[in-house]
Amino acid sequence: MAGFKAAFVNESVKLLKKKKLMAAAILSTLAVIIGQIAVTTIKHGLGLRVVGSVEFPIVVLSFFTYTILPLFAIFVAIDMFNGESSSNTMKITLLRPVSRFGVFSAKVLNLALFIAGNLLFVMILSLLAGFIFNPSSASLVGVFKVIVSYGLTFFPVFVFALIVVLLANVIQGGLAVFFLAILVFIAFNFFGIMFSSYSSFFITSMFDWYILWISETINWLKIVRQVLIISGCGIMLFTTGYYLFDRKDI
C-alpha cells in the first residue's frame, strides 16, 4: 500500500507539472466564455432565451465531452505511457519498490482524476456563468441535474481513456497512438450513428447517457444495460491494459 501511495503521489506531481493541464484549463474556460457570449448575443440580439442558468451547463457539457475532454484525455494517457517510455523515465519509475500493478493503477487513477477534475472545473465555471447572466431561471432541481449529468459523464469518458491506455501499451510511438485514438473516436461515433440499434456497444455514443437519467421519464432497463456495458468494458480494458503493461519490455 505504501508503494502504491508513493507511485500515486509521483504520478500526481508529474501530471501537475505538465503544460497540457494548463492548456486544458484555458481551452475549457474559453469554451464556457464563447458559449455564454453566443447565448447572450442571441438573447439580446434576437430577443430569444436559448437556455436558462441551469440549462447552459448541459449545453456546454454536450460540446465539451465530444471535443476538449476526450482530446486531452488522449494526450494525458499518451504522456503517461508512451511519453515516459520514449524518454526512458519509465525505467526509473519501475525501479521504485512498487509492483507494476501499483504503477499501472497509479497512472490510471491519475488519468481518472484528470478527467473528473476537468469535468468539475467546467461544471463550476458554466454554473457561475449561468447564474451571473440568467439568475432568474436558477433552481435547486436544475443544479442537481447538472451535478448528476457531469458526474455520469465521467464513466464513459474514462472507459474511452482506458482504450487509449491499451493502445499506448500495444504501440510504441505516441504519435501513432494519438492518430489511432482519434480514428477510433471518429469510427465509434460513425458506427454509433449508422448502427443505432447497437450504439450502446460503441462507448462514445454513451457520452450523453446522462440524458437518460435527467429526462422526465426514466428508462431503467436501458440504464441498467448501459451500466453493465460500461462496467464490463472498463474491467476488460483495465485488465488487458495491465496485462500488456506487465509484459512490456521497458
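Student: Is phenylalanine 195 buried, partly exposed or exposed, and what is its relative accessible area?

Tutor: The model is a predicted one. Phenylalanine 195 has a relative accessible area of 42%, so the residue is partly exposed. Phenylalanine 191, at 33%, is partly exposed as well.

Student: Where do phenylalanine 72 and phenylalanine 75 lie in relation to each other?

Tutor: Both belong to helix H4 (residues 68-86), and because they are 3 residues apart, about one helical turn separates them. Phenylalanine 72 is buried, with 5% relative accessibility, whereas phenylalanine 75 is partly exposed, with 24%. For phenylalanine 191 and phenylalanine 195, the ring centres are 6.0 Å apart and the planes meet at 35°, so that pair is classed as tilted.

Student: Which residues form an aromatic cluster?

Tutor: One aromatic cluster is formed by Phe81, Phe101, Phe104, Phe238, Tyr242 and Phe245.

Student: Let us turn to charged residues. How many salt bridges does the structure hold?

Tutor: The general idea is that side chains of opposite charge can pair when their charged atoms come close. The structure holds 2 salt bridges. In one of them, glutamate 11 meets lysine 14, with an N to O distance of 3.1 Å. These two residues are 3 apart in helix H1 (residues 2-16), about one turn of the helix.

Student: With which lysine does glutamate 11 form a salt bridge at 3.0 Å?

Tutor: That partner is lysine 107, and the 3.0 Å is the separation of the closest N and O atoms. Because glutamate 11 lies in helix H1 and lysine 107 in helix H6 (residues 100-133), the pair ties together parts 96 residues apart in sequence. Lysine 107 is buried, as is glutamate 11. Through shared partners, the salt bridges join Glu11, Lys14 and Lys107 into one network.

Student: How many helices and strands does the protein chain have?

Tutor: The chain has 10 helices and 0 strands. Among contacts between residues at least 6 apart, 81% join residues at least 24 apart.

Student: What share of the residues is buried?

Tutor: Of the 250 residues, 44% count as buried. The largest nonpolar core has 65 residues, and those touching the most other members are Leu111, Ile115, Leu119, Tyr150, Phe160 and Val164. Helix H7 (residues 140-168) gives the most to this core, contributing 16 residues.

Student: Which residues are in contact with phenylalanine 160, leaving aside its neighbours within four places in sequence?

Tutor: The contacts of phenylalanine 160 are Pro70, Ile74, Ala181, Val184, Phe185, Ile203, Thr204 and Phe207.

Student: What does the accessible surface consist of, and which residues form a nonpolar patch on it?

Tutor: The accessible surface of the chain is about 13000 Å², and 75% of this belongs to carbon and sulfur atoms. A nonpolar patch is formed by Met22, Ile26, Leu27, Leu30, Ile33, Ile34 and Ile37, which together have about 660 Å² of accessible area. Methionine 22 is located in helix H2 (residues 19-46). With a relative accessible area of 56%, methionine 22 is exposed.

Student: How far apart are the C-alpha atoms of alanine 187 and phenylalanine 202?

Tutor: A distance between C-alpha atoms may be set beside the separation along the chain. Alanine 187 and phenylalanine 202 are 15 residues apart along the chain, and their C-alpha atoms are separated by 9.0 Å. Alanine 187 lies in helix H8 (residues 174-194) and, at 26% relative accessibility, is partly exposed.

Note on methods
Residues are numbered from 1 along each chain as its sequence is written. This is a predicted model: local features need pLDDT of at least 70, side-chain atom pairs count only at pLDDT 80 or more; totals for chains, interfaces and linings use all residues. Side-chain values use heavy atoms; hydrogens and water are left out. Helices (H or I, at least four residues) and strands (E, at least two) are DSSP runs, numbered from the N terminus. Buried means under 20% relative accessible area, exposed over 50%, partly exposed in between (1.4 Å probe, protein chains only). Contact means heavy atoms within 4.5 Å. Accessible areas come from the Shrake-Rupley method with a 1.4 Å probe; for residues, only the protein chains shown count as cover. A nonpolar core is a set of buried Ala, Val, Leu, Ile, Met, Phe, Trp, Tyr and Cys residues joined through side-chain atoms within 4.5 Å. Patches are made of residues with over 30% relative accessible area and no salt bridge: like charges are joined within 9 Å, nonpolar side chains (Val, Leu, Ile, Met, Phe, Trp, Tyr) within 5 Å. A salt bridge is a side-chain nitrogen of Lys or Arg within 4 Å of a carboxyl oxygen of Asp or Glu. Rings of Phe, Tyr and Trp (its six-membered ring) pair if their centres lie within 6.5 Å; planes under 30 degrees apart count as stacked, over 60 as edge-to-face and the rest as tilted.
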